[in-house]
Amino acid sequence: MRKPARFLIAFTFLFLLFGASSAQAKGVPLFYSSGTEKIVKGAEFPDTDDFRTQSGEYIDAGYKFKQVQLFWIPLWNYGGEWCGYIGKDDAFIEIPKPALDSMATVAKVTLPAAPSLGIWNSYSGKAIIGLLLLGILAIVLMPAGKDD
């Protein structure tokens, strides 16, 4: 591959990577997001009246965290805290950790120190992005062949 073509591939990738945040601020959906909030169920409480909201939804122990994504693939997670999970991945109830610990004691459930975020959120995104970057680096550093 000729040097200009390799340069163009690298430039395009870097433009998409770093130019996306300013376009996203203007309301254009692009490939990079920071601070996307995710919620996962950390532990299940029994479906009894003790663990039901006034609107009739059952509460479980949940964990909400923020995520940095590139091309909709999670790169890393941060800002995690416990909350009340109500069966939806986009809604939660603010419940302090000591109150959740009390609820877990009543439910005879042990809350883990750190809940599992799943393979996709924890590892797969990093592996995919790493392989993609290695592939681009290999293309850019590949010795140029003879031009005809």
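**Exercise 1. Determine which side chain is joined to that of Gln67 by a polar contact of 2.9 Å, and describe the surroundings of Gln67 in this predicted model.**

Solution. 

Step 1. Begin with the side chains. The side chain of Gln67 is joined to the side chain of Asn77 by a polar contact of 2.9 Å. A polar contact of 2.9 Å also joins the side chains of Gln67 and Gln69.

Step 2. Locate the residue. Gln67 belongs to strand β2.

Step 3. Classify its exposure. The relative accessible area of Gln67 is 0%, and buried means under 20%; therefore Gln67 is buried.

Step 4. List its contacts. When residues up to four places away in sequence are not counted, Gln67 touches Ser33, Ser34, Gly35, Thr36, Lys38, Pro74, Trp76, Asn77, Tyr78 and Asn121.

Step 5. Compare sequence with space for one of these partners. Gln67 and Asn121 stand 54 residues apart in sequence, while their C-alpha atoms are 8.5 Å apart in space.

**Exercise 2. State how many salt bridges the structure holds, and examine the one between Lys41 and Asp60.**

Solution. 

Step 1. The structure holds six salt bridges.

Step 2. Examine the pair. The closest N and O atoms of Lys41 and Asp60 are 3.6 Å apart. This pair links distant parts of the chain, with Lys41 in strand β1 and Asp60 in strand β2, 19 residues apart.

Step 3. Classify the partners. Lys41 is partly exposed at 37% relative accessibility; Asp60, at 7%, is buried.

Step 4. Widen the view. Lys41, Glu44 and Asp60 are linked in a network of salt bridges.

**Exercise 3. Identify which residues of the largest nonpolar core touch the most other members, and which element supplies its largest share.**

Solution. 

Step 1. Name the residues. The core has 17 residues, of which Phe45, Ala61, Tyr63, Trp82, Leu100, Met103 and Leu111 touch the most other members.

Step 2. Assign the elements. At least two residues of this core come from each of β1 (32-43), β2 (60-70) and α2 (97-107). The largest share, four residues, is supplied by α2.

Step 3. Consider one member. Not counting residues up to four places away in sequence, Trp82 touches residues that include Gly42, Ala61, Tyr63, Leu100, Leu111 and Pro115.

**Exercise 4. Decide whether Leu131 is buried or exposed, and name the patch to which it belongs.**

Solution. 

Step 1. Locate the residue. Leu131 is part of helix α3 (residues 119-141).

Step 2. Apply the cut-off. Exposed means over 50%; Leu131 has a relative accessible area of 62% and is therefore exposed.

Step 3. Identify the patch. Leu131, Leu134, Leu137 and Leu141 form a nonpolar patch on the surface, and together they have about 450 Å² of accessible area.

How values were computed. Residues numbered from 1 in each chain as written. Predicted model: local features only at pLDDT ≥ 70, side-chain atom pairs only at ≥ 80, totals over all residues. Heavy atoms only, no water. Core = buried A, V, L, I, M, F, W, Y, C linked by side-chain atoms within 4.5 Å. Buried < 20%, exposed > 50% of the residue type's maximum accessible area, 1.4 Å probe, protein only. Contact = heavy atoms within 4.5 Å. Patch = residues over 30% accessible without salt bridge, like charges linked within 9 Å, V, L, I, M, F, W, Y side chains within 5 Å. Areas by Shrake-Rupley, 256 points an atom, 1.4 Å probe, with all protein chains shown as cover. Salt bridge = Lys/Arg side-chain N within 4 Å of Asp/Glu carboxyl O. Polar contact = N/O pair within 3.5 Å; in protein donor to acceptor, adjacent residues only side chain to side chain.
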